[in-house]
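Subject: Structure handover

Hi,

Here is the structure I promised to pass on to you. Please have a look at it first, and then read my notes below.

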Amino acid sequence: MDDSDFQRGATGRLVEVSLPRSKYAFVPDPMPRDWEMPTRLWPLLAEAKEAIARLDGMGRYMPNPELLLRPLQNREALRSSSMEGTYATPEELLLYDASPVEPSSDKDRANEWREVWNYGRALLAGKAILDAGYPLSLALLRTMHEELLSGVRGQDKSPGEFRKGLVQIGHDARFVPPPDISLSDCLQDFDDSLKKKTSYDCLIKAFMMHYQFETIHPFKDGNGRVGRLLLSLQMYKELDLANPWVYMSAFFEKYKDEYIEYLYNVSTKGDWETWLAFCLRGVKEQANDSLSRVDLLVGLKEEYQEKIHSQSQASARLVQISSDLFENPVVTIPAIARRYDVSFPTAKSDVNRLVKLEILKKHPESQKPQIFFADGIMRAAYGEE
C-alpha cells in the first residue's frame with residue numbers, strides 16, 4: 001500500500017503492519033454522524049429515490065411479486081458472485097435450485113453453483129431476520145456470512161466469524177484493511193452506525209456504510225458479497241420498501257474499475273462526492289432496468305396465457321405451468337410430473353404442447369433428463385442490453 005496516496009483529507013489513519021508487499025494498513029475513522037451533502041448530489045438523490053419509488057409502487061400492487069423479485073434476486077446472485085470470480089449461468093443456477101447437491105470434489109462445477117445459490121439463501125436469511133423485527137446489526141452480517149459459505153470451498157475461512165489477522169485487497173496489496181487489533185473498535189462503531197439515525201438521507205447513509213464495510217473488510221472471505229447483500233437489505237429496511245427490489249451488483253460489475261477506484265479515493269482523499277454520485281446514478285439505472293424487465297415479464301405472461309387459451313384443449317394445469325415458469329423458467333419432465341402430481345406421459349404431453357406453442361424450448365446440450373427452458377422469460381429476466 002502506497003502511503004503517499006493518502007492525503008490530508010483521508011478518512012482514516014495509516015498504521016504500521018508487517019506484510020511482504022505493504023508496511024501499512026488503513027484504519028477508517030468512525031462513520032460521520034453529521035455530514036453536509038454537496039449541492040450537486042441533491043438532483044441525483046431525487047432522481048434515484050423517484051426511480052426506487054416507481055419500482056416499489058409497481059411491486060406493491062403486483063398480484064404475484066415473485067414475478068419480479070425472484071429474477072432480480074437470482075440476477076443479483078449471479079452478478080455479485082461473478083465480481084468475485086465465481087461464475088454460473090442462469091440455467092445452471094435454476095437447475096441447481098431445483099435439485100441442490102453437495103460438491104463431490106474441489107474441481108466439481110457444483111462448487112460454483114452452490115456458491116451462487118448460497119448468495120440467494122443468505123439474502124433470504126437476512127430478510128427473514130429483518131422481517132422478524134430485528135435491527136440491522138453485526139449479528140445479521142454473521143448469519144449471512146455463515147449462510148454464504150455453507151457447504152462450499154470457503155468453509156475453511158471461518159464462516160460466520162470475524163477474521164483474525166491481516167487481509168489484503170489486490171495481489172499487490174494496494175489496500176490493506178485494519179489489523180485485527182483495531183477491528184473490534186471499527187466493528188463496534190459500524191454496528192452503532194447501523195442502528196442510529198443520521199442527519200443525512202438514509203439512501204446516502206446506505207452507500208456511506210457500504211464504503212465503511214468494504215474498508216473494514218471484517219471477514220477472511222466473502223466481504224464483497226456480504227457488503228452487497230447488506231446494501232440491498234439496508235435500502236429495503238431504511239427506505240421502507242415492500243421487498244428488497246434494488247440490487248447494485250450488475251452496475252458495480254459493469255463499472256468495476258470505477259467502483260474500486262472511487263472506494264479507494266474516499267479512503268485516500270475523502271472524496272465522498274464522487275463515490276456517492278456514482279452510486280446514485282447506479283440506483284437510477286438499476287431501478288429503471290428492473291422496471292423495464294417487469295414490463296417485459298408481465299407482457300410475456302399475458303402472451304402465454306392467450307396462446308394457451310387459443311387452443312381447443314386448453315387446461316387449467318397448462319395455464320398454471322406457464323405461470324410457474326416465471327418463478328423457475330428451467331424445467332424437466334420428471335420435475336413437472338412431481339410438482340403437478342401427474343404421470344410422466346401426461347407431463348411429457350404438457351411440455352410438448354408448450355414447446356409447440358413456442359413457450360418452452362429444449363436445451364440444445366441437455367441429455368437425460370431433457371431440460372426445457374422458457375427462452376422469452378430467460379431473455380427478459382437475465383439478458384443484457
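Predicted model: local features only at pLDDT ≥ 70, side-chain atom pairs only at ≥ 80, totals over all residues.

Let me begin with Glu147, which sits in helix α5 (residues 138-148); helices here are DSSP runs of H or I with at least four residues, strands are E runs of at least two, and both are numbered from the N terminus. Leaving out neighbours within four places in sequence, Glu147 is in contact (heavy atoms within 4.5 Å) with Asn118, Arg121, Ala122 and Ala125.

Residues are numbered from 1 along each chain as its sequence is written, and side-chain values use heavy atoms, with hydrogens and water left out.

Helix α4 (residues 110-131) holds Lys127. Lys127 is buried, because its relative accessible area is 16%; buried means under 20%, exposed over 50%, and partly exposed in between, with a 1.4 Å probe and protein chains only. Beyond four places in sequence, Lys127 touches Leu233, Tyr236, Asn243 and Pro244.

Now to the annotated residue. The unreviewed UniProt entry marks His217 as "active site"; UniProt positions follow the numbering used here, feature names are shortened, and such annotations may be inferred rather than shown by experiment. His217 is found in the loop between α7 (202-216) and α8 (223-238), and it counts as buried because its relative accessibility is 14%. Not counting residues up to four places away, His217 touches Arg163, Val167, Ile169, Pro177 and Asn223.

On the domains: the assignment gives domain 1 (12-292) and domain 2 (311-382), with bounds that come from an automatic or database domain assignment. Their C-alpha centres lie 35 Å apart, and 15 residues of domain 1 are in contact with 10 residues of domain 2. Together the two domains bury about 1,100 Å², 67% of it on carbon and sulfur atoms; this is the accessible area (1.4 Å probe) that the two parts lose on being put together, summed over both. On the side of domain 1, Glu91, Leu94 and Leu95 lose the most area to domain 2, together 41% of what that side buries.

What about salt bridges across the interface of domain 1 and domain 2? The rule (a side-chain nitrogen of Lys or Arg within 4 Å of a carboxyl oxygen of Asp or Glu) finds zero there. In domain 1, α2 (66-83) and α3 (90-98) each supply at least two residues of the side that touches domain 2, and α2 gives the most, with eight residues.

By the same rule, the count for the model comes to 27 salt bridges. One of them joins the side chains of Arg79 and Glu253 (3.6 Å, N to O); this pair links helix α2 with helix α9 (residues 249-254), 174 residues apart. Another pairs Arg114 with Glu102 at 3.1 Å, N to O. Arg114 is in helix α4 and Glu102 in the loop between α3 and α4; Arg114 is buried, with a relative accessible area of 6%, whereas Glu102 is exposed, with 54%.

Best wishes
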